[in-house]
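Notebook open. I am going through this one piece by piece and jotting down what I look up.

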Amino acid sequence: MAQPSTTALPVQLQSLSKFYGAVHAVEDVSFDIKAGEFLTLLGPSGSGKTTLLMMIAGFNRPTKGSIRIGGQEIVHLPPHKRNIGMVFQNYALFPHMSVGENIAYPLRLRKIGRAEVEDRVRKALDLVQLGGYADRRTSELSGGQRQRVALARAIIFEPRILLMDEPLSALDKQLRETMQIEIRKLHDRLGMTTISVTHDQREALTMSDRIAVFSKGRLAQVATPTCLYDQPQSQFIAEFIGESSFLPLRKASGGLAYGGQVIQFAETSPDTFDKPMLMLRPERLHLCALEEANKGADGNIFDGQVQTVVFQGDSLLYEVVLSEGHRVVVRVPNRSDDLRRMPQAGNRVALRLDRADTRIVRAEG
Ligand code: ADP
Ligand code: MG
């Protein structure tokens, strides 16, 4: 995490709910966002991300619960008294104003003098790499430039908190990836507490100190990107963040078993759930010819047959059907020396999973 600025404030959500009749848009959400943290709300469409963000911004009143900024309860405060900067998905720029006038707007609302406004607009434009654009019309700008203007307008009054709702979803992939890094750098320079919404797991992994994953209005898990990826608490998280195949395990006398074998873990017996699933990340599996598989190796070995091989440039994607019938996806990096020796569709193969990479998650449903 970047060094928080001295004015950065924590945000605390406690038992927060929003109901629309029978629709529980947000249900009983509690967690803290640290001062200066970049936190992303991640979840599928309809999981309650925008509703939660709008409650923090003050445009949407909670049915229940508390929101504190810097320890102060703000649920009863109108949006303009919360001192929060906001960036929307569709930019929401004023079309009849120039770039400079758009950015100056929050300062004019606050009755700040002309000279200071001009100075701060110039600095804000430099910060988002639009120096010299003050007099342009917003209609003359590209999507990426418009989003930079929206960002400059959101931060120019030095809000205590910055909120962004799907800020990059209108941009094409390449620009989106550039802007992810740019926004993260800007956050690191300003150090303000930032809460961003996305449904794009890669964007969340790229930008965030921590990610709060939502499912059907509820908080499923909040953790750092590495922790969410390597130690997801449920099959939902494992499927939503990264790719994964799953094998159902059963309880056996020696531990948890798949087919005829007891699964080996790095640590002593892991927590068990009602329906434990073995999580297999495609890049953590080692693919080898059946005769090369060392059955005495330290780890878990599964037999199967290659169904398809797809060349994806940087890697090869294998679909393997195990002897027990489950499908497993394996990603093999494209290293030129390996390619010719790689198994083909129809070949019998073995998959090895090191103990250190052996994880179970709770099955859905
Ligand atoms: P997300 O931003 O994750 O896509 P939303 O917060 O927009 O999700 O919506 C969460 C749920 O609340 C959805 O089922 C949505 O249909 C419902 N919802 C959102 N706003 C309203 C509203 N004003 N009236 C009724 N239902 C709403
Ligand atoms: Mg939304």
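First thing I wanted to know: which residues does Met207 touch, not counting residues up to four places away in sequence? I find Phe38, Gln180, Ile183 and Arg184 on that list, with contact meaning heavy atoms within 4.5 Å. Met207 sits in helix H6. Helices here are DSSP runs of H or I with at least four residues, strands are runs of E with at least two, and both are numbered from the N terminus. Met207 has a relative accessible area of 2%, so I put it down as buried. The cut-offs are under 20% relative accessible area for buried, over 50% for exposed and partly exposed in between, with a 1.4 Å probe and protein chains only. I also looked up Ser196, eleven residues from Met207 along the chain, and the two C-alpha atoms are separated by 9.2 Å.

**Ground rules**

I am working on a predicted model, where local features need pLDDT of at least 70 and side-chain atom pairs count only at pLDDT 80 or more, while totals for chains, interfaces and linings use all residues. Residues are numbered from 1 along each chain as its sequence is written, chains are lettered from A and ligands numbered from 1 in the order in which they are written, and side-chain values use heavy atoms, with hydrogens and water left out.

**Whole chain**

I get nine helices and 21 strands in the protein chain. The C-alpha trace spans about 80 × 45 × 35 Å along its principal axes. Of the 365 residues, 49% are buried. For contacts with a separation of 6 or more, I note that 68% come from residues 24 or more positions apart. The chain exposes about 17800 Å², and carbon and sulfur atoms supply 48% of that; the areas are Shrake-Rupley values with a 1.4 Å probe, and for residues only the protein chains shown count as cover.

**Two domains**

I have domain 1 at 11–236 and domain 2 at 243–362, with bounds from an automatic or database domain assignment. How far apart do the C-alpha centres of domain 1 and domain 2 lie? I read 40 Å. Eight residues from domain 1 and nine residues from domain 2 make the contact. Between them the domains bury about 830 Å², 43% of it on carbon and sulfur atoms; buried area is the accessible area (1.4 Å probe) that two parts lose on being put together, summed over both. On the domain 1 side, I mark Tyr229, Asp230 and Gln235 as losing the most area to domain 2, together 65% of what that side buries.

Asp200 is in the loop between strand E8 (193–198) and helix H6 (201–207). Leaving out residues up to four places away in sequence, I see Asp200 touching Leu42 and Arg176. Asp200 and Leu168 are 32 residues apart in sequence, and I get 10.0 Å between their C-alpha atoms.

Val87 belongs to strand E6 (residues 84–87). Its relative accessibility is 1%, so I list Val87 as buried.

Is Arg148 buried or exposed? Arg148 counts as buried, at 13% relative accessibility. I place Arg148 in helix H4 (residues 143–155). Its contacts, setting aside neighbours within four places, are Val128, Leu130, Met179 and Glu182.

For H2 I wrote down the buried residues: Val99, Gly100, Asn102, Ile103, Ala104, Pro106 and Leu107. They pack against H3 and H4.

Just after H2, I find Lys111 with a positive phi of about 60 degrees. Most residues other than glycine have a negative phi. Lys111 lies in the loop between helix H2 (99–109) and helix H3 (114–127). I count Lys111 as exposed, at 74% relative accessibility.

Ser15 is not a glycine either, and I note a positive phi of about 50 degrees. I find Ser15 in strand E1 (residues 11–20). Ser15 is partly exposed, with a relative accessible area of 30%.
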